[in-house]
Amino acid sequence: MSEAQQKALELKNAGNEFFAKGDHKKAIESFTEAIQLDPTNHVLYSNRAASHTSLRDFSSALQDAEKTIELNPSFVKGYVRKAVALYYLRRFDEAELAYKHLMEVDPSTSAHSVGQQQSALGSAVSKTIPDGSWGQLVAPFSSEAPHGILKEAVAPACDWLLDRGCVGVISVGPAAEMNKLTPEERVDLSKHVAEHFGSKCRSIAFADVSVKDLANHVVQLARSGAKAVILPLVAPFFEKNVSTAEFTSRIADLVGKISLVSDVSVILGLAEMSSSLSIPPATLSAAFAAAPGHLGLFIDHSAGMGSLKAKKDVIPAHAKVFGSTLSNLIESWTGGVNGYMGIAGAFFPHIIQWTFAHYQDKVELNVQRSSMIQRFLSVAELTVKRFFPINAKMYLKITNDVAFENLGIVTRQPHEPDDIPGEEDIVRLTHLHELVHYVMDGLKE
């Protein structure tokens, strides 16, 4: 061993000690000095790649991983570093190939299989679930009992959402009235929407988690054309005090049954339905770990950014996170949320999409416009929540758009006289419609 190589070895050992202590910057400095003395030592590049990964500098990690492989093509850790870097860079197709290679050369390590599943799912999610504002289709019921779905009203309603810039449509959503759709009607409605859109737009559907054979129901929704099937976090699937172990077991059991029922590839999502029934970050993390090849979406309903950030931090890189509240909408965009999948998507998805498209553009989304949008969202949220989804149908009627001329303002939900909108609510919705026009005019100026 030459004097330079001996010194490089000492620097490598120092770098390893820094790495063990969590001082990754110092570790990188030590490994870099060692590389200058011994530039053909593949282990030094591999170790530096690990330090870059710990600092989330995945581009540098990938460069070092590829140099490691170049110097020693038989060194397994080089491929591990490369696969991990590609995964976190969201280059999922390449990451999947890298993990497949690892499964061939190092079949005893189960982590490679998990990485391959996550990368494959990440690739599917990125290709089929676009970022941005998703529109909520409000089920168009016939005015006549038993209030069946008006299929002829579905296509115009979908096109209305698409014309307002929606990147996708929630064909069977979380609306209260949707809980009165039978499982068969959910599948039929999802199929009808998917057939209408074809390749023009993506659609997803919420499952009925109360059905006895949930796995078969999920597969049927996937086969209907829904690009993802969302599992709402409500009883009996999820309760406020459910343990992490119990909920993880439910996820794993469902995924296992889906695999037995069909070989159809199903992208699953979890959706919070209220801030009072929020899923703890530890439980959320465990759920994703239990379904690495299936769970690829999370719809958050946090009231504040602190709660949202805590959950986003534990969700793996291959999954997407969408918001469903208006109170922290613009702030959530800057926090890395992929889009919006809340009920306001039935009212003014074009305003939500505009903020998503321009929040990074300091010229377009200037202080005045940002303030105007935020004030509008704060006022609109109360009206949107009040009596949803019947209020959404009333609002759509107020627009006088021909797309809704056959839309019956009915619901299957049993209700008391005080549980339906009155004159005051019609005024609220009319005012909301006027505000939407005012905001859109302001954004065009």
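Predicted model: local features only at pLDDT ≥ 70, side-chain atom pairs only at ≥ 80, totals over all residues.
Which side chain meets that of R164 in a salt bridge? Residues are numbered from 1 along each chain as its sequence is written, and side-chain values use heavy atoms, with hydrogens and water left out.

**View 1. Salt bridge between R164 and D401.** The partner of R164 is D401, with an N to O distance of 3.9 Å; a salt bridge here is a side-chain nitrogen of Lys or Arg within 4 Å of a carboxyl oxygen of Asp or Glu. The two residues lie 237 residues apart and link distant parts of the chain: R164 belongs to the loop between α8 (151-163) and β2 (168-172), D401 to the loop between α17 (390-398) and α18 (423-444). Helices (H or I, at least four residues) and strands (E, at least two) are DSSP runs, numbered from the N terminus. R164 is partly exposed at 24% relative accessibility, and D401 is partly exposed with a relative accessible area of 24%. Buried denotes under 20% relative accessible area, exposed over 50%, and partly exposed in between (1.4 Å probe, protein chains only).

**View 2. Salt bridge between K311 and D300.** The closest N and O atoms of this pair are 2.8 Å apart. Helix α13 (residues 305-312) carries K311, whereas strand β6 (residues 295-300) carries D300. Both K311 and D300 are buried.

**View 3. Salt bridge between K309 and D313.** Their side chains meet at 2.9 Å, N to O. K309 counts as exposed because its relative accessibility is 51%; D313 is likewise exposed, at 53%.
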